[in-house]
Amino acid sequence: MEQSNSLSIFSARKEERLNSGIGDQISTRAYNAVMLLTLLWGFFVNAVMVQYLTVPVMHLFSRISPLWLFVGYIVLAIAGISISAKSTNPWMSFLGYNLLVLPIGVVLCLLLPGIPVAIVTKALLLTGIVTATMTLLGLVVPNVFMGMGRTLFIALLVGIVAELVATFLFHYTGAAFDWLFVILFSGYIGYDVAKSQVFPKTVDNAVDCALDIYLDIINIFIRLLSILSRRD
């Protein structure tokens with residue numbers, strides 16, 4: 001479900017708009033608070049969906065072709081990321097954020113029921129530790145991450161292609177690619193956090209940066225679930 005860091009087809013346009021500084025400036029504390037609250041909102045929505053919508057989602061999944069669910073996921077994800085990339089209105093960006101959060105919630109509804117609670121809990125804990133560590137590093141030593149964007153993007157694209165080839169042509173089912181993506185998205189957290197601090201401090205920019213970090217964290221969580229499930 002890698003989104004190539006917000007489907008980087010939009011990244012150049014998005015970064016140009018983020019740097020434009022359109023919108024009222026807010027304090028650094030308020031800016032980071034908006035970013036954090038936006039992230040927490042996404043995780044809250046996902047938790048509510050898993051808690052209350054897992055059975056309906058699985059029932060729907062059993063009645064329609066997985067292809068339609070995949071198409072729906074892709075359409076909503078691209079729509080959400082596109083809205084976020086183009087909009088200078090924080091409410092529109094928040095709408096785009098939610099259009100991404102919802103299909104990921106559906107994926108979690110389908111994924112988590114087959115995994116023991118102990119493994120889910122451990123994956124959540126490890127994801128939290130990785131996120132906190134990389135966020136701190138992104139804030140304390142931002143220069144370490146600022147030049148990593150191109151390298152991370154190329155490595156991510158190569159990893160996605162290599163995983164597809166290994167899976168469909170050679171039927172590889174090992175954990176090597178899961179570890180690779182955990183490392184890559186950990187780097188992306190540091191990079192996205194560091195980048196978020198150099199953009200003009202607007203509410204819209206805070207929401208947009210939260211979207212990128214949300215994707216990093218979700219991808220780490222899902223990959224850790226895969227790794228831990230293999231060990232069980």
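A residue is called buried when its relative accessible area is under 20%, exposed when that area is over 50%, and partly exposed in between, with a 1.4 Å probe and protein chains only. By this criterion, buried residues make up 44% of the 232 residues in the protein chain. The structure is a predicted model, in which local features need pLDDT of at least 70 and side-chain atom pairs count only at pLDDT 80 or more, while totals for chains, interfaces and linings use all residues. Residues are numbered from 1 along each chain as its sequence is written, and side-chain values use heavy atoms, with hydrogens and water left out.

The protein chain contains 10 helices and zero strands, where helices (H or I, at least four residues) and strands (E, at least two) are DSSP runs numbered from the N terminus. The radius of gyration, taken over C-alpha atoms, is 17 Å for the protein chain, close to the 17 Å that the globule rule (2.2 Å times the number of residues to the power 0.38) gives for 232 residues; the chain is therefore as compact as a globular protein of that length. Along the principal axes, the C-alpha atoms fill a box of roughly 45 × 35 × 30 Å. Of the contacts (heavy atoms within 4.5 Å) with a separation of 6 or more, 88% are between residues 24 or more positions apart.

In soluble globular proteins, nonpolar side chains tend to be buried together. Here a nonpolar core is a set of buried Ala, Val, Leu, Ile, Met, Phe, Trp, Tyr and Cys residues joined through side-chain atoms within 4.5 Å. The largest such core has 52 residues, and among those with the most contacts inside it are Met-35, Leu-100, Ile-104 and Tyr-214. Elements giving two or more residues to this core include α3 (28-63), α5 (90-111), α6 (117-140) and α9. Helix α10 gives the most to this core, with 16 residues.

Helix α9 covers residues 176-196; at 1.5 Å a residue, its 21 residues should span 30 Å, and its end C-alpha atoms are 30 Å apart, which agrees. The expected span is 1.5 Å times one less than the number of residues. Because 17 of the 21 residues of α9 are buried, this helix is largely enclosed by the rest of the structure.

Rings of Phe, Tyr and Trp (its six-membered ring) pair if their centres lie within 6.5 Å; planes under 30 degrees apart count as stacked, over 60 as edge-to-face and the rest as tilted. A search of the whole structure finds nine aromatic pairs. One of these joins Tyr-172 and Phe-177 edge-to-face, 5.8 Å centre to centre with 80° between the planes. Tyr-172 is partly exposed, at a relative accessible area of 34%, whereas Phe-177 is buried, at 16%. The rings of Phe-185 and Tyr-188 have centres 6.1 Å apart and planes at 35°, so this pair is tilted. Both residues lie in helix α9, three residues apart, about one turn of the helix, and both are buried. Elsewhere, ring pairs link Trp-41, Phe-43, Phe-44, Trp-91, Phe-94, Tyr-97 and Tyr-214 into a cluster.

Finally, Thr-131 lies in helix α6 and is buried, with a relative accessible area of 14%. Not counting residues up to four places away in sequence, Thr-131 touches Ile-189 and Ile-217.
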